[in-house]
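Hello,

Here is the structure for you to look through. My notes follow below it.

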Amino acid sequence: MLANTQGIENVHPHAAQDAKPVLSLNGISKSFPGVKALSEVALDLFPGQVTALVGENGAGKSTIVKVLTGIYQPDEGQISINGKPLSFPTAQDAGEAGVTAIHQETVLFDDLSVAENIFIGHAPKTRFGLIDRKEMVGKAQELLDRIGAQIDPGVLLKDLGIANKHLVAIARALSIDAQIVIMDEPTASLSHKEIEETYELVERLKAEGKAILFISHKFDEIFRIADRYTVFRDGQMVGAGKITEVSEPELVKMMVGRSVDQVYPRREADPGEEVLEVVGYCHPTEFEDIGFTLRKGEILGFYGLVGAGRSEVMQALFGVTKPSKGAIRIDDQIAVIRTPNEAISHGIVYVPEDRGKQGAIKGLPIFQNVSLPSLKTTSKNGFLRLAEEFKLARDYTQRLDLRAAALDQDIGELSGGNQQKVVIAKWLATQPRVIILDEPTKGIDIGSKAAVHEFMAELAAEGLAVIMVSSEIPEILGMSDRVIVMREGRIAAEFERDDLTPEQLVRTAAGLSEVTS
Amino acid sequence: MIQSFFKTREVILGVAILVLLIAIASRFPAFVAPRNLANVFNDTAPLVILALGQMAVILTRCIDLSVAANLALTGMIVAMLNTIMPGLPIPFILVIAIALGALMGLANGLLVWKLEIPPIVVTLGTMTVYRGIIFLISNGAWINAHEMSPSFKAFPREVILGLPVLSWIAIFVVIGFIVLISRTPLGRAFYAVGGNPHAAVYTGINVGQTQCAAFVLSGALAGLTGYLWVARYAVAYVDIAGGFELEVVAACVIGGISIAGGIGSVGGALLGALFLGIVKNALPVINISPFWQLAISGSAIIIAVAFNATSNRTKGRVILKKAEHAQ
Amino acid sequence: MSLASSEISTTGRQLPDRLKSPIQRFLASWELLLLGVAIAVFILNSFASPYFLDPWNLSDATFNFTEKALIAFAMAMLIISGEIDLSVASIIALASTAMGFAVQMGAETPVLILVGLGVGLACGAFNGFLVTGFGLPSIVVTIGTMSLFRGISYIVLGDKAYTGYPSDFAFFGQGYVWWVISFEFLLFAFMAVLFAVVLHRTNFGRAAYVIGNNPVGALFSGIRVPRVKFALFLLTGLMSGVAAICLTSRLGATRPSIAFGWELEVVTMVVLGGVNILGGSGSIPGVVIAAFVMGMVTFGFGLLNVPGIVMSIFIGLLLISVIALPRIAHRILARRKV
């Protein structure tokens, strides 16, 4: 233990007196062409304890998970379980050694039954070497009962909701009889109630003596359920210890390598005339009776739990999905928006949450990404004018302080934060009147995050109307002039920034009873 | 909810086949005589066998367009072997045919697995290469009935318990597939790899290896069918079973096997093949030129794939409580 | 990091337009490598046979690829956009059959041209409608229409053939415009330029690249994805119709087996030309050079009396190896670095 943590802050000498780690990583390094993803990383997991792994995106968390589950082979270093050195050439080997992972997005198989999902790769067999269905279903039922899940092991996975799929993933983890359970952002897309259930499960796993590696971005839950923490930064382990001996600011400091008090750009809210009015917007399955107004120079925050229907409303405004009822008025004129194209021509643009799939066109150079929605103006009679495209791209990437080698570089080669800058640049280049930013800082580094925030403030100051969908309370509170909270496809409440507390937001979004403050 | 899509698909297809048979029987009752139906099944046996192999491949998100060429090449090689060594026992020939077919499947599989070349490109390529090799080894000549030994030709036609060996082989392959698909780790891995390759990796399944296994399986069955085909029709030449790969894919698509991988059943593939077989055999009976067959199977592919897509369309997230109840 | 105090300070660094000059890019391109292959084949051919360098022989050699290349240009755009059309050869069969039928009805050459182009467009529209209207995978749809279109030809013709095309119709496949320059070759050259401009210099061409790289992102950027894809299927159908006119005119007869297996050669030509079979990248100049390479190899084999089916082995191997070899090379290089 001591040997692993040489030169690391926050090491407490009495840590060595604890139980022996069930799993130790020592000096693990892993490189990819051009990137050193992990360099001499150490990590210890203890039986019956939850170790929180924290770090910014790109710090090497997912790489270490892949090393632990046999997907990647480390270039250097040693994995040992109960003191015995081991290697995991395949995922199968990791499973046999007692390591299992429950992933971010429930990664299982829709067209197999629940029981098959739980036992794929290690199904009980008859003496003829065939899968013993009866035994498999019985064992699956046992496991599901153990975690208190009311799921029929015979149904197909695709017939389950997201929360139940998650329980199946957990049952699968238990079925391997793993000593080590990795939970990769298990609560990221769950509702409040489901999150509570997940915490209970974690407690149960702890009680069974499992060593748990818990990856999370949510500090409140880290402090609630973790016993220990390990911090990664830029592929290095920069701190580890007991959770009781660290504070949130200290953790953040280790994560970013400097102290960051979350400062948001100060703005004088000075909304101008109304540009957008949404009246009675409905969709058969996704949202209902959505109505709000938006003014020039205003930042309107949309808060809610994941799955509350915020993105769905925004995508309807942008013409990607079709509302069944309702109207949009732009400058007091009824506007019909059936396609993104029509939205763009009305001056409404949308920076999507799923940057990789919906935002960046990976494989194309930066300048073509920027000019894409503006081709009508950069081209002439349908013919491209590359000089115009480069000019547009130069101007807007400069404004956003994009870090890249050149404008003909593939956008896929950029970091998440810089990709987001390109996506924002491409929409600004259309000179919109309303810009919708859906989780604009999700998954980007803290530096880029601040730049995006600053830029948003600037846009509003220039008179652009901004809608910001965010699940981060500090961001909502720090940036918005007004906040709309959505719950289960409806608007639950609307707040002015000045009379809003974080507790109010959380309670409204979760549908808890009103607080009297 | 529990009723899966395949089950309804199989029922629909089963009903369609029944309706087809009844319609034919109403004017040509002889068609549905057990004797004739057995003939139809025997005639469709090669399609059934190949469709099952193809199903395994399609389940893993691949496609094997080289099966017909594989069949023809294996058929030619065993036929030539027979002319050189007429005394070679049949079990030996079967082993050679299966091994040769598997080898050609392995070539496809390795290119897909090790070099990650898109399967459609690999098998379009090997399809022409395998056909070309037939020409090279035979110099374009035919091997006719009189050059083959009697036992070589007789094997698939030999009648056991009222059915020819060819039919029995198809039945055994079907049973083998039911076991393979539902009761073995490999069978489940086919679904896992096609349904969610990313997750398959995390469950310890090697995606490329599983795809390669599917190609070997498909190739082995094509090799087996190669011998049966050449022996049954007592002729081998460059173009036998030309274009048959499309009929095989058609049988799978009609049987509800999703080209996007991960969805499909043995029953579906079987019924898809039988549907095409019945249509093919019924055409001359109801006095329609056999030239119609190509257009009919083309239309069947299009209708089936449209049907697959509409019944499999992913719905948006249901957020509203009342909408959830309404569903 | 004091963000609050920042005045407007967003003037960041100005980025250079290009990292590498167009010449540097060309030197590292697939097209240059292919050009080298083309020159090598040309030299080999001229050594292999003394007849090769004869202008008329060279002119004859172009017929091996011009018709296929006409389809390959449109196919390249379609594949770049992430779709594929395996029914092109069957469209030729159906268009040719329709023209033959029109001849029986006493149609003159202008009508025949309209019939050929019209059937091509209609088939392309049918494919495009199935793919974009229902959201079906184009591979399966066009495997289906591949059977359907040729199947209709078989229904109409059976084992018979249409002949008796008017004498002025022969010009499209057999005529010469000037000295050894055939009409077909001129059409090929014209279409090569036209498609290069459309793909590389228009908004429509850009849309094909965008869709091929990220169809969802394209939709979210305001591109009318279904419309572009439909247009590309239409274009591929139309070019198949053009190829049908040339081929029918050259052969002077229509059988249902006409152009059998051409879809493979067209796809090979496109892939050999450096178009990514999974969509998103490729160029028309690449396809043009690939057409020359394939045509000259075919012709060279012909001069050496190698039968056609052996040619097809070569094409099959070529198809696989042009994709496999760069991957193997890449892997060996990567290994050496580590």
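How many residues does the contact take from chain C and from chain B? The contact takes 38 residues from chain C and 38 residues from chain B, where two residues are in contact if their C-beta atoms, placed from the backbone, lie within 7 Å.

This is a predicted model, in which local features need pLDDT of at least 70, side-chain atom pairs count only at pLDDT 80 or more, and totals for chains, interfaces and linings use all residues. Residues are numbered from 1 along each chain as its sequence is written, chains are lettered from A and ligands numbered from 1 in the order in which they are written.

On the side of chain C that touches chain B, α7(C) gives the most, with 14 residues (helices are DSSP runs of H or I with at least four residues, strands runs of E with at least two, numbered from the N terminus). By class, that side of chain C has 28 nonpolar, 8 polar and 2 charged residues (Ala, Val, Leu, Ile, Met, Phe, Trp, Tyr, Cys and Pro count as nonpolar, Asp, Glu, Lys and Arg as charged, and the others, Gly among them, as polar).

Within chain B, helices α4 (residues 90-114) and α10 (residues 207-233) pack at about 145°, their axes 6 Å apart (axes are lines fitted to C-alpha atoms, for helices over the stretch in contact; angles run from 0 to 180 degrees between N-to-C directions). The contact of α4(B) with α10(B) has 20 nonpolar, 11 polar and no charged residues.

Chain A has an open sheet of 6 strands in the order β6-β7-β8-β3-β9-β10, with mixed pairing (strands pair if DSSP finds at least two bridges between them). Its edge strands are β6 (99-102) and β10 (236-242) of chain A.

Regards
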